[in-house]
Amino acid sequence: MRATSARANGQRQQPVGEEAQDLADRPAAVRSGPWLLPGHDGRLLAYALVDQAVLRWTERRPGGPDWLGPDVLPAKGLSHLTVAQGRNRYAHLLGRRVRPAKDGSLTVDLVYAIQYQAGRPLSEWRSIGNPHAKRERTALMGGPTAAVDTAGTLHVFVPTAEGRVAVRREDTQGRWEPWLDLQVTAAVDTPAAVSTSTGHVELLAPARTGALTWHQPEPGAVLRRGHDLGVIPLPGSVTGAETSPGRVTYYLTDVRGGMVAVRAGEWPVPLGGDPGDGRHAVVNTTLDGYPCTVLAHRGAEGRIMLGVCVAEDEGNGVWWTDTGTACLGDPVLALDGRGRVVVLAVAADGSLTLARQEDGPGLTLSTWSRI
């Protein structure tokens, strides 16, 4: 794959200074990410958080193979980032921002920006505050996660200093509701949030002795506590996905027994895959006429592992492949404009590396290439 520079083609979306120019011209250490999202026009968008900026790459045309970027989106002080997307394909960027105060303490809040269309400028970053009443507690606040429901309402979740989970919602008119405490004291990590095609938002938060869950009894309602799941998630490992209409499956590493799939009201299903300590990626697709779930993670040996199973039939086996490609952090998955599975990860040299599903039966990946 030949990487095409947006700067070389006159496509840079916003002016940058010398420091940002340097980030665009050389690999920078990725602090979190990457994220891979389909844009409104079928082109894929890739994001990665580096020091003081978010880098963004955009497919030149739907289905690739060429890419524009990276565009440098200044983001001073961000320690964490998450990117969420709704049905309208807007990319919502939520970050945890840390700034030194005059008295030497730290001021921590959450900031938000949005990209409406592929390749277009990012809006300015705006603070949405934090759920803590005392400023000194904000330094212990975790990183955010987010979900956008079918009505376009953005839900922002964050673990607090006291082990609670707080949520704040922005409606389709851009009005932010007050912070709401979800009334727990045992959360130990950023939750995993899922928006379903039926309009509901669901949530799982890792705890020391189990997995805490919430659900909406109806679209738009306040989240209600569900039953705890019989797993103890390794912090940082949980990903949720809608695997059939209105039905969410969580994929995680159980500290007592490796990777599992778990759904409300069911026993956890062991999946194998020899996972490392990172997050699992998931995407739904159709292979050989069957609805399937594709999984990916960084294995215990540091290489990208790819798994495939029939959707919600993990008990009959997940077929794992060691791709032989080493990565830093967690790989991500998406479907491109032609419906092909795309795997993206940070390579050992700090650049982004990508493989794409080739035409033919089953799931065969192309050669890995830098973007």
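Visitor: Which residue lies over the face of Trp 214?
Guide: This is a predicted model, where local features need pLDDT of at least 70, side-chain atom pairs count only at pLDDT 80 or more, and totals for chains, interfaces and linings use all residues. Residues are numbered from 1 along each chain as its sequence is written, and side-chain values use heavy atoms, with hydrogens and water left out. A charge sits over a ring if NZ of Lys or CZ of Arg is within 6 Å of the ring centre and within 35 degrees of the ring normal. At 5.4 Å from the ring centre, the residue over Trp 214 is Arg 225.

Visitor: How many aromatic pairs does a search of the whole structure find?
Guide: Rings of Phe, Tyr and Trp (its six-membered ring) pair if their centres lie within 6.5 Å. Planes under 30 degrees apart count as stacked, over 60 as edge-to-face and the rest as tilted. The search of the whole structure finds two.

Visitor: Is the pair of Tyr 90 and Tyr 116 stacked or edge-to-face?
Guide: The ring centres of Tyr 90 and Tyr 116 are 4.9 Å apart. Tyr 90 is in the loop between strands E5 and E6, and Tyr 116 in the loop between E7 and E8, 26 residues apart. Strands (E, at least two residues) are DSSP runs, numbered from the N terminus. The planes of Tyr 90 and Tyr 116 are at 85°, so the pair is edge-to-face.

Visitor: Is Tyr 112 buried or exposed?
Guide: Tyr 112 pairs edge-to-face with Trp 176, with centres 5.7 Å apart. Buried means under 20% relative accessible area, exposed over 50%, partly exposed in between (1.4 Å probe, protein chains only). Trp 176, at 24%, is partly exposed. Tyr 112 has 8% relative accessibility, so it counts as buried.

Visitor: Which residues does Val 98 touch, beyond four places away in sequence?
Guide: Val 98 is in strand E6 and is partly exposed at 23%. Contact means heavy atoms within 4.5 Å. Val 98 touches Gly 77, Ser 79, Leu 106, Thr 107 and Val 108.

Visitor: What is the bridge partner of Thr 285 in E22?
Guide: The open sheet runs E21-E22-E23-E24, with antiparallel pairing. Two strands pair if DSSP finds at least two bridges between them. Seven bridges join E21 to E22. In E22, the partner of Thr 285 is Cys 292.

Key:
Helix = DSSP H or I, 4+ residues; strand = E, 2+ residues; numbered from the N terminus.
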